[in-house]
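Good morning, colleagues. Please look at the sequence and the structure on the screen before I take you through them.

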Amino acid sequence: MTRIDNNPSGGNTAVTVRGLVKHYGETKALDGVDLDVREGTVMGVLGPNGAGKTTLVRILSTLLAPTSGQATVAGYDVLGQPRQLRRVIGLTGQYASVDEKLPGWENLYMIGRLLDLPRKEARARADELLERFSLTDAAKRPASTYSGGMRRRLDLAASMIGRPEVLFLDEPTTGLDPRTRNEVWDEVKRMVAEGVTVLLTTQYMEEAEQLATELTVVDRGKVIAGGAIDELKAKVGGRTLRVRPADPQQLRPLAATLDELGITGLATTTVDTESGSVLVPILSDEQLTAVAGVVIAQGITISSITTELPSLDEVFLSLTGHRASAPRDAVPTNALEEVAV
Amino acid sequence: MSAATATVTATDARIPLRGHLRHTGALIRRNLLWIKQDPESMFDALLMPVIFTLLFVYVFGGSIGQALGGGQHGYVQYVIPGMIAMMSMSLSQGVGTGFSQDFNSGVMDRFRSLPIGRGSVLFAKIAVELARMLFATTVLMIVAVLVGFDINNWAGLFATVGLSAVFASSIMWVFLTLGVVLKNAQSVQAMGFLVLFPLQFGSSIFAPTKTMPGWLRAFTDYNPLSTLADAARGLMVGGPVAHDLWVTLGWSVVITAVAAPYAIHKFRTKS
């Protein structure tokens with residue numbers, strides 16, 4: 001069976017998507033998506049609910065046929081070679097796709113057998129992966145008794161049984177608490193270190209920054225920005241420094257001073273009156289230090305100073321000029337008030 | 001990029017028969033483990049034959065038996081082969097509700113993203129359901145002997161069980177289709193009862209059709225549950241077999257030929 005060598009010049013592409021369209025009646029879930037994921041990298045697909053992220057993953061994992069367009073994974077065509085394609089991918093869906101009634105070990109053994117491992121090997125692989133994902137103690141318990149984090153880890157383990165070349169993670173940490181989220185991130189990083197190519201969808205800039213090397217931002221079925229994560233971060237202003245003076249009277253003078261100095265070259269210092277803090281976009285640690293220096297030089301007493309990654313909404317705002325089309329509960333709503341410069 | 005214009009000439013890998021058997025085996029193991037985790041799921045297979053046999057034999061047995069001319073003992077000989085037919089249908093329904101539950105959890109996505117034949121998932125369900133049916137038939141025969149059924153013909157009994165299994169596996173494809181097409185297990189169950197009730201009671205299972213009005217007999221005579229029950233009677237107790245046997249097998253073939261490809265197609269294309 002021949003695979004398509006889509007990039008003979010070297011630097012192989014693990015996932016290639018060209019003009020991918022998926023319509024559900026009038027709804028355009030995907031409206032002409034182009035995407036390339038290089039082998040051994042992590043592509044983050046960032047977008048709000050309803051942007052088409054899950055539809056993209058479902059098409060790439062052969063669960064859904066596209067309306068039009070082309071997609072290959074590890075050189076196999078999603079429509080023409082689905083069985084070969086399924087052999088080289090792993091999928092962890094938005095909702096844990098393990099059999100809840102089955103014990104953890106049985107889940108993994110079953111998938112091993114479905115991937116044609118001989119019995120002995122399937123047993124060994126189940127033991128090995130439970131050990132690796134710290135689930136050995138829970139091996140014999142039904143998955144329904146697992147915590148959210150354990151279930152997600154079992155799901156990741158299940159995706160790894162066939163030693164996939166390409167792993168699809170559809171919002172792997174949605175609904176998890178911060179500690180469990182970190183656990184899942186650590187596991188994903190380990191898999192990446194072993195050379196697996198990952199396509200990851202997420203609603204969180206923080207998750208993308210933690211895991212992805214490249215980023216594709218999607219909205220309403222279209223790619224609205226893409227590139228190396230550092231480039232995009234520069235575009236959207238990187239981190240935000242939040243400075244909260246102890247005396248609210250100092251808020252506006254402080255903002256005015258910072259704007260005048262123009263340390264960051266980004267004249268978008270904002271005042272968040274609700275929390276009583278000044279928000280300063282910063283691009284580097286040097287800029288962070290400089291701003292902190294100004295605050296100290298002013299002799300203003302500070303009650304808190306923190307750095308934040310931009311929210312999905314802020315990323316969209318700076319990339320497109322409009323807010324993400326996500327439901328409001330998906331993004332934090334800060335009462336932002338622009339200060340005239 | 002060349003990939004966009006490259007034409008795919010390679011064909012997709014085929015799954016060998018051994019692969020299909022291995023996958024179906026792994027999925028059968030899964031369904032058996034479900035029963036082990038949740039033994040209550042066997043209650044229907046255990047209790048249905050007991051309750052129905054006792055109900056029909058002691059509630060209707062006396063009067064229908066009198067009409068038949070053999071009393072309650074005569075009715076037992078009449079109704080037990082019919083009960084085997086009835087259970088083949090009632091228990092088949094479970095295959096649809098179980099399948100619908102599967103679909104509403106993420107595990108079906110996992111199966112469909114694995115390099116396995118789409119039929120394996122369905123075949124495994126049917127195999128386990130047939131095993132449940134065999135268990136229920138054993139329970140039924142024990143109760144039957146206790147209430148006075150005479151097993152004179154073991155070969156006939158085994159032939160009946162075989163014929164019921166053939167018919168049941170055909171009807172299971174119908175319930176599997178309902179399981180794939182309908183939204184949730186409750187709808188599958190409700191829809192299942194709508195199919196089940198007229199077929200079970202508009203048949204010769206519980207009482208001879210001789211006294212039924214002509215329009216109803218037109219239905220009961222072609223109802224596969226009637227022919228299955230009559231074939232079972234012929235095989236186990238004695239009497240003509242050939243006609244009912246062929247009609248039942250004919251129904252099984254037709255139902256499978258229509259419902260199986262449709263169920264697999266719906267399963268494959270369901271998003």
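Predicted model: local features only at pLDDT ≥ 70, side-chain atom pairs only at ≥ 80, totals over all residues.

Residues are numbered from 1 along each chain as its sequence is written, while chains are lettered from A and ligands numbered from 1 in the order in which they are written.

Let me begin with chain B. Chain B contains twelve helices and zero strands; here helices (H or I, at least four residues) and strands (E, at least two) are DSSP runs, numbered from the N terminus. Along the principal axes, the C-alpha atoms of chain B fill a box of roughly 85 × 40 × 35 Å. Of the 271 residues in chain B, 42% are buried. A residue is buried if 20 or more other C-beta atoms lie within 10 Å of its own, exposed if 12 or fewer, and partly exposed in between, with C-beta atoms placed from the backbone. Among contacts in chain B between residues at least 6 apart in sequence, 77% join residues at least 24 apart. Two residues are in contact if their C-beta atoms, placed from the backbone, lie within 7 Å.

Now to the record. An unreviewed UniProt entry annotates "domain: ABC transmembrane type-2" over residues 40-270 of chain B. UniProt positions are given in the numbering used here, feature names are shortened, and annotations may be inferred rather than shown by experiment. In the model, that stretch of chain B is 81% helix and 0% strand. The unreviewed entry also annotates "transmembrane region" over several stretches of chain B, among them 75-100 and 155-176. Residues 75-100 of chain B are 92% helix, with end C-alpha atoms 38 Å apart; residues 155-176 of chain B are 100% helix, with end C-alpha atoms 31 Å apart.

How do the two chains meet? In the model, 39 residues of chain A are in contact with 31 residues of chain B. On the side of chain A that touches chain B, H2(A) gives the most, with five residues. The residues of that side divide into 16 nonpolar, twelve polar and eleven charged. Ala, Val, Leu, Ile, Met, Phe, Trp, Tyr, Cys and Pro count as nonpolar, Asp, Glu, Lys and Arg as charged, and the others, Gly among them, as polar.

I turn to chain A. An open sheet of six strands has the order E6-E7-E8-E3-E9-E10 (chain A), with mixed pairing. E6 and E10 of chain A stand at the edges with a single partner strand each, so one side of each has no neighbour in the sheet. Two strands pair if DSSP finds at least two bridges between them. E6(A) and E7(A) run parallel, joined by four bridges, and Thr92(A) stands opposite Leu169(A) in E7(A). From E6(A), Ile89(A) and Leu91(A) point one way and Gly90(A) and Thr92(A) the other, and all are buried. E7(A) and E8(A) pair in the parallel sense over five bridges.

Finally, consider helix H9 of chain A. Which residues are buried there? They are Leu251(A), Leu254(A), Ala255(A) and Leu258(A). The buried residues of H9(A) pack against E11, E12, E13 and H10 of chain A.
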